Amino acid sequence: MKIPKIFLKIFSIMFVLTLIYIIFVFFILIPKIENNTIALENTIGKAQLQKTVQLVQSYAQELQNYEEIALEQRQGELKKLTSVVYGIIKENYEKSLLPKADEKKIKEKTLNLISKLRYGNNDYFYVSNYSNILISHPYLKNKDFSNIKDIHSQLIVPPLVKIAREKGEGFIRYWWKKNSNNPTPYEKLTYAKNFAPWKWVVGTGVYIDDIKKEAENRKKLLIERLKKILNNTKIGKNGYVYIFDSKGNMIIHPNKNLEGKNFSHFPNPGKNSYIYDDLINAYKHGDKILYYNWDTPKDSGNYTYKKISWIEYEPNFSWYICSSEYINEAHADSDNLKRFMIYSILVMVFLIISIGLYFIKQIFQPILTLAHNAQEVIDGNLKARYKKKINNDEIGLLAKQYNTMLNKIKIQMDTLDTKVQEKTEELTVALKEKEILLREINHRLKNNLNVISSIIGLQIFQTHNIKIEDFIYTIQQRIKAMAIGHEMLSQSNNLSSLNAKEYITKLVNSLMDAYIQNPSSCDCRFDIDPIELELDKLLICGLIINELVTNAIKYALKNPDNYLLISLKQKNKILELVVKDNGKGFTPEERNGIGLELVEILVKQINGNININTEKGTIIKIIFQK
């Protein structure tokens, strides 16, 4: 049968094009794909390394945040406790200035009282003079600490005296034993505050080894969490990520015989060096890549397989993080792709010669179908598959690979979604822990304020001066105004703001209970919008209301016809606070009292304006931004 010319022409053109294509594939495309495939494998290895480094850095930041918050909390507690003792010293100093006062006896009485004070786990206070001699201490009284140092040869008392004298107050950290039964030294955080009139430095300290222990426990948990992640991480077929520290201890490694061991003297197979030293040097010299021979999980002990490791360093943990891959596996994918392309081309040429133009349409039709499906995938339809009959030819194989590829992509995306969800849950747990910590901080602030209020209240029984008693009682109410806010915040679901109406109502009722024997007989009115305010601004408003309501109770609410109105209204971002009574008002001399002066200072802190009208009773209006 004579072959048609049109067939020969088309066949000749296709043959020439095929020949050109074969030359192009063999000499240009395949080498380029091979290089790109190997480069892609390297990129994947480096990318996995960077992901691990970022994960470790996030863990390090998490630990650092915990230590900083815990240390700040301890510092705040020490400052509050020392302020109480400082107040005792200041009060006794003022007594020593009175006529006929015996300053020496007052000093001795003050030092004796301080040496007996205790808090927490039998913790105590101390007093040092400017010559570094402990003039008040439960165990080391009158001991000269001028040259006494801790285990790191750091002076203890002189730096405390110096920072207190230069800055008024400050913290230092040193190492000291907890008691005579335990000679082991622990790190201690100490706070000191200067009392210049008597040339005293008063302070106290707490051991912070529990913070370090908790940080170490958290670090162990993070390592276990990281192990689970890395054990499920593969680079290529058998590549993996491993981590060791700067002392040569293997932190994480898939080989359990090596994990947890020190491999600093493990030889580098085939070289007169140690693998640990070669990894460190490769990082320090800037290459951050090391080629070496190693065994495989399936052929343990046979160190003949060429391998590559990419190296990074995480300074917070002093960890070296490495991702590794076997070189033959990196080349295997490119070799498979090259063979697949060669076979596909040979089969395509055979089909062109054997079948001819008649099957060209049938050859192109599946390709068009695959292209259409691929476009659907590009448009977002990941369920698109090649659903027509798949023949046992190159196109059929391509269709199978196409469907397999999409199935794998779908699985990988589902896996990624799962990991994202797990990470989101972890972050949710971490956020909840932070919320618990913030609630605990506010709870402790409330308790500390109540303790301070109680200590101040004890002073009432030590004085017979009505003005001083009234002054102390006023201070108590100011402290209670702040304590109410922190108490509400520790019980609130919202840690950033509080309900102003609830807070102001509690505060005013507390003042009524404190100053009026029968609060129900007092006509106290509220007109407060349901406003949420930040804690700082709300506490300032509370202190302002505390002063104004206290003045109204003392000077305005004298008759049954008298009333008191507290109003807080919001218009857009502007708030208007009004405290009004129909009492007798007050004179210009009363207007210059310390209470109104404090109110004016507080109003300035919230950038507000105050207006006072005493024509008919007293109307105090304060306008500020939310």
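**A walk through the predicted model**

Strands β5 and β6 form a hairpin with four residues between them. In its turn, Lys-199 has a positive phi of about 55 degrees. Strands here are DSSP runs (E, at least two residues), helices likewise (H or I, at least four), numbered from the N terminus. This is a predicted model, where local features need pLDDT of at least 70, side-chain atom pairs count only at pLDDT 80 or more, and totals for chains, interfaces and linings use all residues. Residues are numbered from 1 along each chain as its sequence is written, and side-chain values use heavy atoms, with hydrogens and water left out.

Strand β5 covers residues 182-195 and pairs with β6 in the antiparallel sense over eight bridges. Two strands pair if DSSP finds at least two bridges between them. Leu-189 has Val-206 of β6 as its bridge partner. Strand β1 (residues 125-129) also joins β6, through five bridges, and the two run antiparallel. There, Val-127 stands opposite Val-202.

How buried is β6? Eight of the eight residues of this strand (residues 200-207) are buried, so β6 is largely enclosed by the rest of the structure. Buried means under 20% relative accessible area, with exposed over 50% and partly exposed in between (1.4 Å probe, protein chains only). Both faces are covered. Trp-200, Val-202, Thr-204 and Val-206 lie on one side. Val-201, Gly-203, Gly-205 and Tyr-207 lie on the other.

Next comes an open sheet. Five strands stand in the order β8-β7-β11-β10-β9, with antiparallel pairing. β8 (250-252) and β9 are at the edges, each with a single partner strand, so one side of each has no neighbour in the sheet. Neighbouring strands are turned by 35 degrees against each other on average, direction ignored. Angles run from 0 to 180 degrees between N-to-C directions, and axes are lines fitted to C-alpha atoms, for helices over the stretch in contact. Six bridges join β7 to β11. Asp-245 stands opposite Trp-319 in β11.

Helices pack on this sheet. Helix α4 (residues 209-231) touches β7, β8 and β11, and its direction makes about 65 degrees with that of β8. Contact means heavy atoms within 4.5 Å. Helix α5 lies across β7, β9, β10 and β11, running at about 160 degrees to β9. Which residues of α5 (residues 275-284) are buried? They are Ile-275, Tyr-276, Asp-278, Leu-279, Ile-280 and Ala-282. After α5 comes Gly-286, with a positive phi near 95 degrees.

Now turn to the largest nonpolar core, with 43 residues. Such a core is a set of buried Ala, Val, Leu, Ile, Met, Phe, Trp, Tyr and Cys residues joined through side-chain atoms within 4.5 Å. Ile-544 and Ile-622 have the most contacts inside this core. Its largest share, 12 residues, comes from α11. Leaving aside neighbours within four places in sequence, Ile-544 is in contact with Leu-577, Val-599, Leu-602, Val-603, Ile-606 and Ile-622. A second, separate core has 24 residues, including Ala-70, Ile-89, Ile-135 and Trp-200.

Finally, look at α10 (500-515) and α11 (535-555). They pack at an angle of about 35 degrees, with axes 10 Å apart. Among the residues that meet are Leu-507 and Leu-511 in α10, and Gly-542 and Ile-545 in α11.
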